[in-house]
Amino acid sequence: MGVLGISLLFVGIVLVMNGAGRFSNIDAKSTAFMNVVTGFVIIILNVVGIARAETIFDYQNIASGFLFGFTYIFIASNYLFKLDLRPFGWFSLFVAVYASIMAITSYETDIRFTLLWGAWALLWLEGFLELVLKIKQLGKLFPYLAIAIGIFAAFIPAMLMLLNRW
């Protein structure tokens, strides 16, 4: 749970920061740095994980980690270069489907992961609905959702994992 705890710690911080940034109308370029750091920390941890992977479960965790890592690299790139966000919306749809499948399959082994994956699926789905389908009123929901998921589905679980209380 150590690598996952480290990853989720950064995810929690960046989600709260992104949500608060939207509330405060902070220039997205100002939040890009932490998104880049989070993305690269997660990607590096998972590249190292590939060298140690032995089971299909190990590879499943690495694949999940890469989806998280690339999410934050994608967000940072969009913030820095003002790219069209629709490709990120489509990426978010596929990750939402992946996260939904993970939520369903983790129900058999650990209900806590079902809840976490469900929350993350909701956030990625919001990205698709807002950015591709242009349901703009959901954009008002994002800051609340990002902060809540950042705290309850990332930061608190990360702390519990890192304190060996998970």
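## Basis

The model is predicted; local features need pLDDT of at least 70 and side-chain atom pairs count only at pLDDT 80 or more, while totals for chains, interfaces and linings use all residues. Residues are numbered from 1 along each chain as its sequence is written, and side-chain values use heavy atoms, with hydrogens and water left out.

## Nonpolar cores

A nonpolar core is a set of buried Ala, Val, Leu, Ile, Met, Phe, Trp, Tyr and Cys residues joined through side-chain atoms within 4.5 Å; buried means under 20% relative accessible area (1.4 Å probe, protein chains only). The largest such core has 32 residues, and Phe 68, Trp 117, Trp 120 and Ile 149 touch the most other members. At least two core residues come from each of H1 (2–23), H2 (28–52), H3 (56–81), H4 (86–106), H5 (111–131) and H6 (142–162). Helices here are DSSP runs (H or I, at least four residues), numbered from the N terminus. H5 gives the most, with nine residues.

A second, separate core has five residues, among them Ile 43, Ala 53, Ile 62 and Phe 66.

## H5 against H6

The axes of H5 and H6 (lines fitted to C-alpha atoms over the stretch in contact, with angles from 0 to 180 degrees between N-to-C directions) come within 10 Å and cross at roughly 150 degrees. The two helices are therefore roughly antiparallel, a label for angles over 145 degrees.

Contact means heavy atoms within 4.5 Å. On H5 the contacting residues include Phe 113, Trp 120 and Glu 126, and on H6 they include Phe 142, Ile 149 and Pro 157.

Methods. Buried < 20%, exposed > 50% of the residue type's maximum accessible area, 1.4 Å probe, protein only. Parallel < 35°, antiparallel > 145°, perpendicular 65-115°, else oblique.
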